[in-house]
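I opened the model and kept notes as I went. The entries follow in the order in which I looked things up.

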Amino acid sequence: MSWRHWKLITKNNDCLSKIINIADACINLGHWPKYFKISTIVVIPKPNKPSYNNLKAFRPIILLNTLGKLVEKVIAKRLQFIVASNDFIHPSQLGGLKFKSTSDAGVALTHIVRSGWTKGRTTSTLAFNISQFFPSLNHQLLVLILEKIGLDSKVTNFFANYLIQRSTKYQWNDLSSPPFEVNVGVGQGSVLSPILSTLYLSPLLYIIEKRFKNLNIPISILSFVDNGLFIVQNKSITISNSHLFCSYNILSKLLDSFGLIIEHSKTEIFHFSRS
C-alpha cells in the first residue's frame with residue numbers, strides 16, 4: 001500500500017488510534033513483526049556521473065513495508081521526545097534530531113568563525129565523513145548504549161528484537177538476488193535510523209572530548225549524522241594544522257573501536273581567515 005493511501009487512512013481517528021495501538025503493543029511485548037524486517041535494496045545510478053564503471057556511481061535505496069514505516073514513525077517521535085527531554089545526546093550533535101538542521105550547523109560555525117576574528121584568530125576546521133555509517137552500526141553495542149543512557153527496559157528490549165533477524169535482497173531492474181540476513185546496521189529508509197545513529201555516536205563524542213581535554217588539545221566538535229567537523233582557533237595556521245592532525249589520528253582509532261571508519265577521500269581542511 002502506498003503512502004498516498006496511508007495518508008488518507010490516518011485522517012480517520014479510529015484508524016490512527018489502531019496504528020498507535022500497534023506501536024504500543026510492539027514496545028510492551030518487545031517484539032517487531034518479522035514481515036516488517038524484510039526489505040528490498042533497489043540499486044539506482046547517481047545522476048550526471050561521467051562513468052558508471054565504478055560501484056560508487058550507484059546508490060542503494062532501501063524499500064520497507066509502508067505500514068511498518070508508519071509504526072516506526074510513531075515510535076521515532078516518542079524516542080525523539082524522550083531523548084530531547086532527558087539530554088541523552090552530546091550538545092554538539094545537530095543532525096538526526098527534531099528542531100535541529102543544517103542551518104543550525106551553519107549558524108553555529110559562522111558564530112565561531114566571527115568570534116575568532118574579533119580576537120585576531122583564524123578558525124581552522126577539519127571536515128570528515130564516516131564511511132557506510134548506517135549499514136555499519138553494531139547491534140549489540142547499540143543496545144548497550146540504549147541501556148546505558150537509562151531508557152526503560154521495555155524500550156531496550158524492543159530494540160534488541162527490532163535489530164535482529166532482518167533480511168534483504170538486491171534488485172536491479174527485473175533481476176533480483178536471493179534474500180540474505182543482515183546482522184549489522186540500520187536501514188537508511190527507516191525513520192528510526194537517524195535518532196538511533198545519533199545515540200550511537202553520542203558516547204564516542206563524549207569520550208573524544210574528554211581525551212582532547214586530557215591531552216590539552218583545544219579542539220571543539222560539530223557533528224551532523226555521519227559528518228563531523230573539528231574546529232580550532234589560533235593566530236598560527238601551522239599550530240592549528242598540528243592540532244587537527246593529532247585529533248584526526250585520535251578519531252580514527254576511536255572510530256575503529258566502535259566498528260566505524262573514516263572515508264579519507266572526503267576529508268578536507270578549511271581555514272577561515274579574515275584577510
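Buried means under 20% relative accessible area, exposed over 50%, and partly exposed in between (1.4 Å probe, protein chains only).

Source. This is a predicted model, in which local features need pLDDT of at least 70 and side-chain atom pairs count only at pLDDT 80 or more, while totals for chains, interfaces and linings use all residues. Residues are numbered from 1 along each chain as its sequence is written, and side-chain values use heavy atoms, with hydrogens and water left out.

I traced an open sheet of four strands in the order 7-8-3-9, with antiparallel pairing. Two strands pair if DSSP finds at least two bridges between them. Strand 7 (220-224) and strand 9 (268-272) are the edge strands, each pairing on one side only. From one strand to the next the twist averages 20 degrees. Strand 7 and strand 8 (residues 227-234) are joined by five bridges, and I found F224 opposite N227 in strand 8.

Helices on the sheet. Helix 4 (residues 102-118) lies across strand 3 (122-129), strand 7, strand 8 and strand 9, at about 10 degrees to strand 8. Helix 9 (residues 237-257) lies across strand 3, strand 8 and strand 9, and runs at about 145 degrees to strand 8. Axes are lines fitted to C-alpha atoms, for helices over the stretch in contact, and angles run from 0 to 180 degrees between N-to-C directions. Contact means heavy atoms within 4.5 Å.

Helix pair. How do the axes of helix 2 (residues 13-29) and helix 7 (residues 153-162) cross? They come within 7 Å and cross at roughly 95 degrees. C26, I27 and N28 in helix 2 meet K154, V155 and F158 in helix 7.

One residue. I ended on Q80, which is in helix 3 (residues 66-85). Q80 counts as buried because its relative accessibility is 12%. Leaving aside neighbours within four places in sequence, Q80 is in contact with G96, L97, K98 and I195.

Terms used: Helices (H or I, at least four residues) and strands (E, at least two) are DSSP runs, numbered from the N terminus.
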